[in-house]
Structure formats: C-alpha cells, structure tokens
Amino acid sequence: MSKTIIISNRLPLQIKLEENEINVSPSVGGLATGMKSVHEEGESLWIGWSGLAEEDLNEETKPKVLAEIQKNHCATVPLTENDVDHFYYGFSNKTLWPLFHYFLEYTSFENENWESYKRVNQKFADVVLENAEDGDTIWVHDYQLLLLPQYIKQKKPDTSIGFFLHIPFPSYEVFRTFPWREEVLEGMLGADLIGFHTYDYERHFLSCARRLLHLDTNFNEISYNDRIIKIDSFPMGIDFDKFYNAAREHSKNSETEKSDIQKKLDDHLYASNEAQMILSIDRLDYTKGIPNRIKSFEYFLEKYPEYQQKVRLIMLAVPSRSNVPQYQLLKRETDELVGRINGKFSTVSWTPIWYFYRSLPFDNLIDLYTSCDVAMITPVRDGMNLVAKEYVATRVNQDGVLVLSEMAGAAKEMNEALLINPNNFEDVAKTLKMALEMPKDEQKARISVMQERLKRYTVEKWAQEFFTALNSTKDVINTLVSK
Ligand code: ADP
Ligand code: G6P
C-alpha cells in the first residue's frame, strides 16, 4: 500500500537525555504542531532529526531513542555534532533564516556551512530513498531541506514530490544577494508542487525563477528540465477543534483542578474588577519583534498612566536556537528590558510584565490563551504565525481581541484583527488602548468571523488541498514517464 512520507528537519517529538534516561516532549514551532495533526490522522512516516547529535548517544541510550522514534511512526536521520554546528546552527539558522526574514545584517555566508548543508540534505535523501516505495507521496518541509526535492527526484524521477516552505520567501532584491541562489532554486524545483503560505511569497519565488534561472513561467507553472512544476499558496490552518475543545473543557475546571499558573492569573483578575491581561507567546526569536513589543507596552503605560496597576503583560518566550549569537543577544536584551520596565513601574501589589522563559505544557498554554483579554502578536516578519490563530480558536465565549502585525502571514486571512505596524510604537500603543476598551459586541463580531474561517480551513483541510494539488501533478508525471 502506498504511503505518505513527511520529511522535515525537526521531528514532532523532541528528545533530551537526562543521565541515561530519555525525556520526550512535543516540538515547538508551527511546522511541528501543524503537521503533527496531519501525521496523527493518517498512515504516514515522518523522517527527521531527533534533536540529538550522534556523539551524545551510547549503546544504552541509542536503542531507547530509536524505539521512541519508531513508536511515533517516525524515522531518524543521524546528525553528527559537526552537522549540527554547520548545517543546523550554521547554514539553516545563520544564513537562510535571517536572509529569508529580511535580516540581512544577521546573515552570514560561510562556504563551510554551505558544504555541510549539501551533505546533510544528501543524508536526508539517503534515508528517504531507503524508505520510499513506488507510488509513495513525498512531502518535504521547510528551509532546512531546500535541496532535498532535487536529490530525491534525480534518483526517483517518477515519484511525486511536494515541497512546502513555512517561512517567507523573500523578494528578488533580497534573494539575489545570496551566493548559492541558483543551486537553491534548482533544489526546490526538484519538487512537482511548491507551496507557500501567501500569494506574495509565491510571487517572489516565481520572479526569482524567471530572473535568476531564466525559466518560462505560465501563471503559476514553471517549465524546467522537461517538467511542469506548480507553484501555489496554501495558508496553513490549525486543528481548530483541539484548541476550542481544550478551552471549553478548561472553563469547567473546578478550583482544585486549576493549575498553579491559572490560580496566579485568576489572582490578578480578582485584585480589581477592572484588571485586564495581555498575552504574548513566541519562540524567543528576533523575527518575533519582542523588544519592540515590550517598548510599545512601556510607551503605552507612559502615555495612558490610568492603565498602570490595571493591565499586565503575560509574556511566554520559549527558548530557541540558543547557540546562535543573535539569539543570545536577544535573550539578554529581553531580560534587561523586562527588568527595566518592571523596575520602573512596579508597585508592592503589581508587576506590569510577567515573563516566562521556558516551554510550557499544552494545558498551561490553554490557561494563558483563555485568561487573556488581548493577544499582542507583533512579529517584525513571520511566515504565518499559528499562535494568532490558536488564540482566536480558544475564545469559546467569543470575547477577546487580537492585535496582530501586518508583517505576519496570518494577517492576510485575519482582517478582523486590529492590524498594526510593529515599528510604529505610537500606533501600537493607541491600538492596544482600543483593544482594551473594545465593547463586547464588537469583540464578538470580530472573533466569530475569524473563528468561522478557522473552522472551515483547518490544518487537515490545508493538507488535503495540498495533496489534491500534488495528485493532479501525478497525472502529468505519469504522462511524461510513459512517453
Ligand atoms: P514559529 O513556527 O515561528 O515558532 P508559530 O506561531 O507559527 O511560530 O508556531 C508556534 C507554535 O508553537 C504554535 O503552534 C504554538 O502552540 C506552539 N508553542 C508555543 N509555545 C509552546 C510551548 N511552550 N509548548 C509547546 N508548544 C508551544
Ligand atoms: C519555525 C520553522 C521550523 C522550525 C521551528 C522551530 O517554525 O519554520 O522549521 O522547526 O521554527 O525551530 P527549531 O530550530 O527549533 O527547529
């Protein structure tokens, strides 16, 4: 029976070693949380990296790790410490991530990292080829594996390959600065269908293929190596029911069933009947605009002092890529800003910012989503942003306000949110005030429209549409192969 093979750098489970015991937790990030629902629904094999370097494993731990991976219908690609340094931290996160998010000043171009990137993409191809059978559908994900479609296509030309990019594809003016631009485009063009979150990213990709590879494009199709490749946009959804139902169950929790975090959140609300809470959740990443958000909140408290002692910013920053210097600097800047603002405004009974630098279990995430009156999601650049969608899905009473950056892919589908430019502190502060003062019926009108849309276009629907489009390219492959 043919199967689907999902391939991404990060598996949906994250494995850590404590002494000789393994500790398993869900991976954080839009790709992992979204695709996890798709993987759990069907018969698929997920190939990716366990998060551990080969050198970290020994005779006792390796079989345990492999068993855990197998139990989750996954297979692993072994990476050495050198691969982790040069492929993962190096090329993926010091070159592609900043470049594709328009952070040119953070982008490094190191040949050693590029060589490692090619080698590791080849390692992934070897594992895929060991596991793939005729008729299987192959779905490659994200910027860590841009060369993989081509490596697979060269060995298995009649396999149908889809590729989805979870981050922005930058404009031609940015992409042209990249030393390995042609190789990377050719790598992606090994796929039969290439998907992006938004039409703009799709348009940028088509323009790069035309201008850098001089390829013919016909609407959203590219002719390349006697093949037709389809390019399209598929905005990723969420598992709406999972978030909605979890929030509904959560609202029934008795006092004894409440988590410590929930009790603390309740304390703030009980302190005054005018108290309100603002939520901010992200991986600690410079693309998420965390310092700007904190500074806008400071500006808000100064401009509207009547809100001091009344609002609290609840900020969850999940540790991410902490070996990359820019992430370490961001951590320091965030700590300092939170410290400075709390020092400046706190009273004996009130701290303006509650800051968690850690990963929290799903139930606590629901505590945060359901307790906060406003979600402030203000990335400076973001491929999609699923947190914005999850917040809306958990509003079972259809109250709450989403303040969302125009620079998030999600903004394209969430017009009923209050959209802001995260670099305009004045605008953010005013919008925050508007959000905190929005009448309930207006909140309801906005949230209900967004919920309807999220219910219709779930992550399952997103995957189905991608597969339908990919299957339609299969007919083209069959015709070409039989010629
Ligand atoms: P990115 O993919 O850049 O991290 P997204 O907002 O698209 O940004 O996705 C973040 C995902 O990570 C969301 O699905 C969110 O639920 C999940 N997440 C955030 N914080 C945690 C956490 N502490 N534990 C588990 N998952 C988390
Ligand atoms: C984003 C990327 C994913 C990545 C995730 C977490 O969502 O699009 O590819 O897995 O961030 O980052 P990490 O480096 O921990 O895998």
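Okay, before anything else, a bit of bookkeeping on charge: Lys and Arg count as positive and Asp and Glu as negative, with His and the chain ends not counted. Each charge is placed at NZ of Lys, CZ of Arg, CG of Asp or CD of Glu. On that basis, the protein chain carries 55 positive and 72 negative side chains, and the centres of the two sets sit 4 Å apart.

Now, what are we looking at? This is a predicted model, where local features need pLDDT of at least 70 and side-chain atom pairs count only at pLDDT 80 or more, while totals for chains, interfaces and linings use all residues. Residues are numbered from 1 along each chain as its sequence is written, and side-chain values use heavy atoms, with hydrogens and water left out.

On overall build, the C-alpha trace spans about 75 × 55 × 40 Å along its principal axes. Of the 483 residues, 57% count as buried, meaning under 20% relative accessible area with a 1.4 Å probe, protein chains only.

Let's zoom in on one residue, glutamine 262. Is glutamine 262 buried or exposed? Buried, with a relative accessible area of 6%. Setting aside neighbours within four places in sequence, glutamine 262 is in contact (heavy atoms within 4.5 Å) with His250, Asp367 and Ser371.

Two of those come up again as polar contacts, that is, pairs of N or O atoms within 3.5 Å; within protein, one must be able to donate a hydrogen and the other to accept it, and residues adjacent in sequence count only if both atoms are side-chain atoms. The glutamine 262 side chain pairs with that of histidine 250 at 3.1 Å, and with the side chain of serine 371 at 3.2 Å.

Conventions
Chains are lettered from A and ligands numbered from 1 in the order in which they are written. Buried means under 20% relative accessible area, exposed over 50%, partly exposed in between (1.4 Å probe, protein chains only).
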